[in-house]
Amino acid sequence: MLLKHTPEMISERSALMINPAKTCQPIGAMYAALGIKGCLPHSHGSQGCCAYHRSTLTRHYKEPVAAATSSFTEGASVFGGQANLIQAIDNIFTVYEPDVIAVHTTCLSETIGDDLPQIFDKAIKENKVPAGKTLIGASTPSYAGSHVTGFANMVKAMAALAQPGGEKTGKVNIIPGWVEPADMEEVKRIASLVGVPITLFPDTSGVLNGPLTGVYSMFPEAGASIDDIKASGGAIGTLALGEWCSAEAARLLDSRCKVPCSVLDLPIGLQATDRFVDTLRIIAGQSVPDEIVRERGRLVDLISDMHQYFYGRKVALVGDPDQLIAMTEFLVTIDMVPVHVVTGTPGKKFEKRITDLVAGTDHTVNVRAAGDMFLLHQWIKNEPVDLIIGNSYCKYIARDEDLPLVRWGFPILDRQGHQHFPTVGYIGGLRLLEKILDALLDRQDRDASEASFELVL
Amino acid sequence: MGKAQRTKQWDPVQVKEQLLAKYPAKVARKRAKQILINEARENTTPEITANVRTIPGIITMRGCTYAGCKGVILGPTSDIVNLVHGPIGCSFYAWLTRRNQTSASGEHGENFMTYALSTDMQESDIIFGGEKKLAAAIQEAYDLFHPKSIAVFATCPVGLIGDDIHAVARTMKEKFGDCNVFAFSCEGYKGVSQSAGHHIANNQIFRHVVGTGKKQRSEQFRINLLGEYNIGGDGFEIDRILTKCGITNIATFSGNSTYDQFATANQADLSCVMCHRSINYVADMLETKYGIPWIKVNFIGAAATAKSLRKIGDYFQDAELSARIESVVAEELPSVEVQRQQVLPRTTGKTAMLFVGGSRAHHYQELFKELGMKTISAGYEFAHRDDYEGRHVIPGLKVDADSRNIEEIEVQPDPHLYHPRKSPEQLAQLQQDGMAFKEYDGLIADMDERTLVIDDLNQYEAEKLVELLKPDLFCAGIKEKYSIQKLGVPMKQLHSYDSGGPYAGFHGAVNFYREIDRLVNSRVWGYLKAPWQEHPELSATYVWE
């Protein structure tokens, strides 16, 4: 047993977190910054954070993740990191030549109180920022929220670039939330099918699912451009996908630039995708093309064809709030039963939302925000499930409890596909159901007696 | 020392100039001292600058002190509960990401490797201090797991807000009575790299655990294997060979290790150092306090493995042991050689670059030699000058301002437990016969003339080196892997082994031969261009022509 010290009996813990269902802010900011065209993320802290965040993103994507760091020493940690950051800005623009440096902070620079705007001012006054280059910054203290919060904070810093009173662009801003490059591509495809011109930011498609050609470009021709982000202040409206990841940025656009916003769930599953497409149609005044109606129909068809395998199956879920909310709704839609739902990210709204979503089923749900995977495992021991959906760390629980696992979320360190195939939209819904069915039916095949082993399922 | 071969295809002086050309003047001056062209000098190796602060913004490969302490040294120990005092990230990122394999002792053996424990500090802990939460977390960990030991690790903010983790640990240790609680001040900003964390880990393990074991070890030919972390099962393979030879490894620091192994390490008769950088402090302290001499060994490479076994045999001066070692070598080597001969035609003459932590950039050159491959450039992330130039430079090393606050502990011979393993005469005789105690010659001495030795290589230099020198293989870590491969150059991770291994010992050598053959001869490198990109001209051709 890999987790043999996890007891069935649950004792409440007040101070100790075991096997977290979250990580810290800066990695989210780094991921978001990679969705800006020509941008080098920069970690203002000691260099270990940056190494860890790059490594984790790299293991997840199997792609290069470039980011720089201020490399604090003990001296800088006591007297402030201004000199380190200004030196870094100079070195980065000279050596790596990005268009943008997106700076985030760590628990180190936040605890000592380094003031990014003031340091940026000084760097500009000292001519360390070449003409046409941009510095953006987000405060991302690791001791508040989670990686999701860090993502949201960097996206908000992007939204802060939007210029009020600019030209009307006739476009719709879509803030896609923390989804995979393939998901961002799918959002763009759907918008293009509906015929809506959009500005998507951040956009990591083409950055973290790049080709192998013999050429490495630290800054590929992809990502949301600074010009487009600046012009987003003149959009018709903003769709923020995911309350946790995207809402604050959208509200900032609303309050600063008077761009009205709708906050929607991530378009994962049938109904959330319905709402996304419907809102997009209305805001842009377009009709939905047959192609999308057909895609939707294929998803409904699959739900109907294989409903017997979904019906009443219990699922344990762990991950990030926006994803879990959408997934919980999707599972309920197909008559599966979410029984344990854990996120490491804090937020009381989460527990209420999940409870509301499963209210129509016959089961009560164990739900916890700011929980951990140790608790999830204990819940599973107390009330077993048929399936776990979560990141790669779930494989330890899955193996110990002999449960099928669908890898979904962040990070996935031991399988491929998440960077290439979307889980958003109707097409993404088909892929999710395929993965769920594969897991359940592989298990049925493995467990069936020779007499009941079936060719046709 | 293979200095005979000269690599002539490129001029190292020009390469160095091109590496430095783009830098601001100040950066170029500093990097110039960390990029060394290897050349023979009379009685001395050229001097390199190492273990100095990282240049901000340069995209270093380096990590931090916490990683060196918790991630590297203490991470692999299965039965100590490691509790990280800090916000969640540090604990999360060190959770099962180094491949220190563990075979927990039996069904009831404790194994906490799969658990990541953290105090998950929040804003209020930063403001009001985290000591109370730490004490509560230690209590909860004790109540849940009843471990024999709990280790506490500080992260960046802990030092800044002034939490006294050592006082908390002491209090809890006294309270429990049956659980050794101790702490590490390994804040990420200390020193300039992982290296400071190694030192801090060495000090605390030595201070709090080594020599406290009650168990009397009575096996024959007792050694400690220092600086071997059982990545991909390396330690298992080394232990297999040692056992076969009749040598007892009583404590590995720290692959597949247990608390009791550390506690009885003082009862060994010889310490064998694999990774010099991370553990030489413990090796020295074991000698000073308990009288255990140490030698440098290397189990990477079949020939190196045989050589290291013989060294151990020579030390014990036991005819039976030496005969057994010879028979093990005679039994194991031939099948390794068969495998080597199979791949040799496909690997001979190929070139490699190695930029790995603090020891593998040297050790793995043995394996590449066995494959007939040339190492044209190598370097470390965080090694010190002694790892590059040899330990003879240690007396002249100056500790700079960035590393001055790393504690040096003074160790005295233990009044009860010190006993010299060999008499001065015996030691003198062994040395006269060629045994080198407390000695390591470093990486530079083993590298060809006109090769490039580069400390703290960064992303820019890595890409530039690949562009200029076009190696057949580049070895480094996960952060470098995919940018190098995008350039069309095979890349081998020598930290994680790309989920492969073991690469140590005899079986490991065979695994490595196959892996390198696979990598440098993979068909994939021929697919980078589509047919229409290779032949873009448009003319009417038909498949039946």
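The largest nonpolar core of this predicted model has 282 residues. A nonpolar core is a set of buried Ala, Val, Leu, Ile, Met, Phe, Trp, Tyr and Cys residues joined through side-chain atoms within 4.5 Å. Buried means under 20% relative accessible area, with a 1.4 Å probe and protein chains only. B:Phe184 and B:Phe368 have the most contacts inside the core. Its largest share, nine residues, comes from helix H18 (residues 425–447) of chain A. Contact means heavy atoms within 4.5 Å. Beyond its neighbours within four places in sequence, B:Phe184 touches residues including B:Cys69, B:Leu74, B:Phe153, B:His166 and B:Gln204. A second, separate core has 51 residues, among them A:Ile92, A:Met218, B:Ala28 and B:Ile59.

Residues are numbered from 1 along each chain as its sequence is written, and chains are lettered from A and ligands numbered from 1 in the order in which they are written. In this predicted model, local features need pLDDT of at least 70, side-chain atom pairs count only at pLDDT 80 or more, and totals for chains, interfaces and linings use all residues; side-chain values use heavy atoms, with hydrogens and water left out.

The two chains meet over an interface in which 73 residues of chain A contact 79 residues of chain B. About 6,700 Å² is buried between them, and carbon and sulfur atoms give 63% of this. Buried area is the accessible area (1.4 Å probe) that two parts lose on being put together, summed over both. A:His5, A:Tyr52 and A:Tyr143 supply 11% of the area that chain A buries against chain B, more than any other three residues.

Helices (H or I, at least four residues) and strands (E, at least two) are DSSP runs, numbered from the N terminus. Helix H1 (residues 25–33) of chain A is largely enclosed by the rest of the structure, because nine of its nine residues are buried. They include A:Gln25, A:Met30 and A:Tyr31. The cover includes helices H2 (47–61) and H7 (147–159) of chain A, together with helix H4 (88–93) of chain B.

Chain A also holds an open sheet of four strands, ordered E7-E6-E8-E9, with parallel pairing. Two strands pair if DSSP finds at least two bridges between them. Strands E7 (198–200) and E9 (261–264) of chain A are the edges. Strand E6 (residues 172–175) of chain A pairs with E7(A) over three bridges. One of the bridge partners is A:Ile198 in E7(A), facing A:Val172.

Key. Buried means under 20% relative accessible area, exposed over 50%, partly exposed in between (1.4 Å probe, protein chains only).
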